[in-house]
Amino acid sequence: MRNRGRIAGQIGQSGRFGKARGAWRHLQLPGRRAAGGQQQAQAKADSGPDHRRLPWLLIACLCGAIAPDLASAQKIAPIAAVRSPPANPVPSGQPVPLTLAETVALGLRDNRTIKSAYLQRVAQKFDLFVADTLFLPKLNLSADIAHQRVGGTTFNTSSVGAAGTWLTPIGTRVQFSWDRRDQLDSGRTGHSDTAALSFTQPLLRGAGTKVNMAPVRIARLQEEINKLSLKSTVIDTVTGIIQAYRRLSQAQSQVELAELSLERTRDLLETNRALIVAGRMAAADIVQTESGVANQEVAVLQARQQLASAQLALLQLLAVDPRTNVVAADEPDAEQADIDLDRVVDLGLSSRVDILGQRLALEQTRIDLAVARNNRLWDLSIGGSVSRQRVDDPILGRLDPPTDHNVGVQLSIPIGDFSYRQREIGATTSLRTAELRYQDLTQSVETQIRDAVQTVEASWQQLVAARRARALAARALELQQEKLKVGRASNFEVLSFQADLRTADTQELAARIGYLNALTSLDQQIGNTLETWRISLND
């Protein structure tokens, strides 16, 4: 009902707006008529001697035409003002300071991507459990009871049975079955028991532990790949949280720098006013400083907007209420780190997640090829069975035939079936492709690590240069301000040096954050993020 009331209110406002627009058009029409009348009066004035009376008549007509419209216009209700949303779209309230370590811990606990990865691990672990039960005996129990009518004869029967299978790691398959059937009719009771035991042992195709253990080995390798996938997810998420935290810290520093620059420009404005009062500066020269103040105010607003965006981005990764006014408590201090290139490359090739995962996938492909080659062999196997049946018939009495048994050798040779060859070619191609992919990935990883190392070194050099540039810009501004006080510098020069200092501050801050992010990216490239932050996965 409230929504309907709001919608009706909006419709009513648009209706009043339509009436007001119609009244405005109505008010404009007499003016247009009056303008037309003035043109006609001017034409008559040029043509005849009675042109002096016509203007007064036109004014009287104009007043008579406008008066009713003004009265109606006064009755029009004003347009309702548009209300602002009651909630603040940016984080507000009491500041919540967080250190970088606290932020990473909070992300590990509440990040939805990490939670989703752990939920998937539940199903993946059970997949491994199912694969490990391949060589456990399987038993199936069955029972039924039935009422039947055949050829006018009605009888009731029941049956109970059990069937079991057992596969051994060398390929032996043992099967057991037992079945008991009973007649439940009075006067015609009877039952029969049947038990059978058989075995089959392959000698070529399907023989040996290498082939029969293949599904279990593949499942265990896949479990290791799943663990690496979880580790990769955590590394990427932690890296993203760290970078988002530093973007927030950078945005906070940008706000402080913008406010400091605004304060310096306002101080310059006060200095200009004092110089104007003292007669040492022209009043028109202060306009440039006032423009600089306005520009710095715009810069402050932009910095605050970027701060709000950085807060929301970090809160999204932490799965925290977006209204929380989170504040980065750690200052982005940077110190030079010594990096041994060869050691870092070796560490990355031995511990990076994608390299390890590709090695495991390559091993899976080799197992698939071994199975495909084994399937091309002839199906030669030995087998045997033992069965016994006992019958208690209501008419014939008890029947106890001897136990049946057999032992033999079976051979099956496929001719004209190229599907086995097709599978072998496909497995061979997959193995060669996986080997090429592993070689390409190895080179790519080494290239990425070397690039990450040179990025770290270049970022440090940029930071050193940015610090030196910032110190020189600050010194230059101090000198220009001293010159301005004695009249040896212009307003424009001071504003230019202030802009240079603001640029140097921003450049030094960006270089500091860039160097820290370069170190974080290097940790990610070599797969060492969890060790750096001492994070252990409960898996």
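**Aromatic pairs and helix packing in a predicted model**

Arg205 lies over the face of Tyr420, at 4.9 Å from the ring centre; a charge sits over a ring if NZ of Lys or CZ of Arg is within 6 Å of the ring centre and within 35 degrees of the ring normal. This is a predicted model, in which local features need pLDDT of at least 70 and side-chain atom pairs count only at pLDDT 80 or more, while totals for chains, interfaces and linings use all residues. Residues are numbered from 1 along each chain as its sequence is written, and side-chain values use heavy atoms, with hydrogens and water left out.

**Overall architecture**

- The protein has twelve helices and nine strands, taken as DSSP runs numbered from the N terminus (helices are H or I with at least four residues, strands E with at least two).
- Of the 539 residues, 32% count as buried; buried means under 20% relative accessible area, exposed over 50%, and partly exposed in between, with a 1.4 Å probe and protein chains only.
- Contact means heavy atoms within 4.5 Å. Among contacts between residues at least 6 apart in sequence, 76% join residues at least 24 apart.
- Carbon and sulfur atoms account for 55% of an accessible surface of about 33,500 Å², computed by the Shrake-Rupley method with a 1.4 Å probe, where for residues only the protein chains shown count as cover.

**Aromatic rings**

- A search of the whole structure finds two aromatic pairs. Rings of Phe, Tyr and Trp (its six-membered ring) pair if their centres lie within 6.5 Å; planes under 30 degrees apart count as stacked, over 60 as edge-to-face and the rest as tilted.
- One of the pairs is formed by Phe126 and Phe129, which are tilted, with 5.6 Å centre to centre and 35° between the planes.
- Both Phe126 and Phe129 belong to helix H4 (residues 112–132), where they are three residues apart, about one turn of the helix.
- Phe126 is partly exposed at a relative accessible area of 49%, and Phe129 is partly exposed at 49% relative accessibility.
- Trp460 and Tyr515 also form a tilted pair, with 5.1 Å centre to centre and 55° between the planes.
- This pair links distant parts of the chain, 55 residues apart: Trp460 is in helix H10 (residues 419–485) and Tyr515 in helix H11 (residues 491–525).
- Trp460 is buried at 16% relative accessibility, and Tyr515 is buried at 1%.
- Arg423 likewise lies over the face of Tyr420, at 5.3 Å from the ring centre.

**Helix H4 and its surroundings**

- H4 has 21 residues and spans 31 Å from its first C-alpha to its last, close to the 30 Å expected at 1.5 Å a residue; the expected span is 1.5 Å times one less than the number of residues.
- Ile114, Ala117, Arg121, Gln124, Leu128 and Ala131 are buried in H4.
- An α-helix has 3.6 residues a turn, so residues three or four places apart point the same way.
- The buried residues of H4 pack against helix H3 (100–110) and helix H6 (214–277).
- In helix H6 is Asn226, which counts as buried at 13% relative accessibility. Leaving aside neighbours within four places in sequence, Asn226 is in contact with Arg121 and Gln124.
- Asn111 caps the N-terminal end of H4, with a side-chain oxygen 3.0 Å from the backbone nitrogen of Thr113.

**Helix H10**

- H10 has 67 residues and reaches 94 Å from its first C-alpha to its last, close to the 99 Å expected at 1.5 Å a residue.
- Just after H10, Gly487 takes a positive phi of about 80°.

Note on methods: Polar contact = N/O pair within 3.5 Å; in protein donor to acceptor, adjacent residues only side chain to side chain.
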